[in-house]
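Grab a pencil and work through the exercises below with the viewer open. Try each task before you read its solution.

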Amino acid sequence: MIEKFVVGYALVQPQRMQQHVRSTLRTFLRFAGDRRWAPQGLAQAVPGFRLYRLANVPRAIPEDRIRALLAAIPRAGVRACRDRALLLLLATFGKRAGQVCALRFDDVAWKDRRIRFRPHKGGKEVVHQIPDAVGDALARYLKYARPSSERPEIFLRLRRPCHPLSPDALSAMIRDRLKAAGLPTSPGGAHSFRHAFAV
């Protein structure tokens with residue numbers, strides 16, 4: 001009965017939740033056995049699952065899927081302007097979601113057509129030349145789609161209060177856009193763009 005529950009749970013939950021539930025269940029069954037609420041040794045009935053090294057490393061999103069995704073985004077609309085700029089930044093520079101979400105106005109030198117990405121996870125500050133397509137999408141977002149706000153961050157949530165966009169929200173947007181375009185949602189999320197850039 002215990003094994004059947006855990007295996008059934010594992011089929012519908014992400015690996016992190018599976019590990020949490022198995023650990024919690026084992027602890028509870030040991031406690032119940034010590035209190036004589038249940039037979040001793042029931043914790044051993046909770047099955048373990050083999051975890052493969054690098055099994056959870058996101059894979060690269062194929063280049064043709066990136067092109068199809070960008071082509072599926074409408075040219076007009078507040079959300080479309082923002083999402084196009086975000087996706088072009090990810091696809092062009094291969095940066096982490098956190099670095100893109102953390103971009104501030106003083107990170108973009110329009111006259112020199114340069115963009116600065118701040119250090120993340122012990123990395124170094126990096127400055128890139130801005131290609132025309134990225135510059136145009138970014139300028140369009142700032143002119144027509146960015147909510148009015150005194151915040152220094154470029155990318156904001158569209159609903160009030162307009163907090164800076166989070167990496168999780170960025171990945172969710174990508175999955176929503178893939179789904180809306182009728183494209184596979186796995187691999188998805190911002191990190192799959194980073195892997196595509198590396199490949």
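**Exercise 1: A pair inside**

Arg177 and Asp83 are both buried, where buried means under 20% relative accessible area, exposed means over 50%, and partly exposed lies in between (1.4 Å probe, protein chains only). Before going on, note that this is a predicted model, so local features need pLDDT of at least 70 and side-chain atom pairs count only at pLDDT 80 or more, while totals for chains, interfaces and linings use all residues. Residues are numbered from 1 along each chain as its sequence is written, and side-chain values use heavy atoms, leaving out hydrogens and water.

Task: find out what joins Arg177 to Asp83.

Step 1. Look for a salt bridge (a side-chain nitrogen of Lys or Arg within 4 Å of a carboxyl oxygen of Asp or Glu). Arg177 and Asp83 form one, with their closest N and O atoms 2.9 Å apart.

Step 2. Now place the partners: Arg177 sits in helix α7 and Asp83 in helix α4, 94 residues apart. Helices here are DSSP runs of H or I with at least four residues, strands are runs of E with at least two, and both are numbered from the N terminus.

**Exercise 2: Loop to loop**

Task: work out which parts of the chain the Arg104 and Glu153 pair ties together.

Step 1. Check the distance: the closest N and O atoms of this salt bridge are 3.6 Å apart.

Step 2. Arg104 is in the loop between α5 and β1 (108-109), and Glu153 is in the loop between α6 and α7, so the bridge ties together parts 49 residues apart in sequence.

Step 3. Arg104 is partly exposed, at 31% relative accessible area, whereas Glu153 counts as buried because its relative accessibility is 9%.

**Exercise 3: The core**

Step 1. Know what you're looking for: a nonpolar core is a set of buried Ala, Val, Leu, Ile, Met, Phe, Trp, Tyr and Cys residues joined through side-chain atoms within 4.5 Å.

Step 2. The largest one has 37 residues, and Leu87 is among the members that touch the most others.

Step 3. Elements that each supply at least two residues include α3 (63-72), α4 (78-93) and β2 (114-117).

Step 4. Zoom in on Leu87: leaving aside neighbours within four places in sequence, its contacts (heavy atoms within 4.5 Å) are Leu69, Leu70, Ile73, Met173, Ile174 and Phe193.
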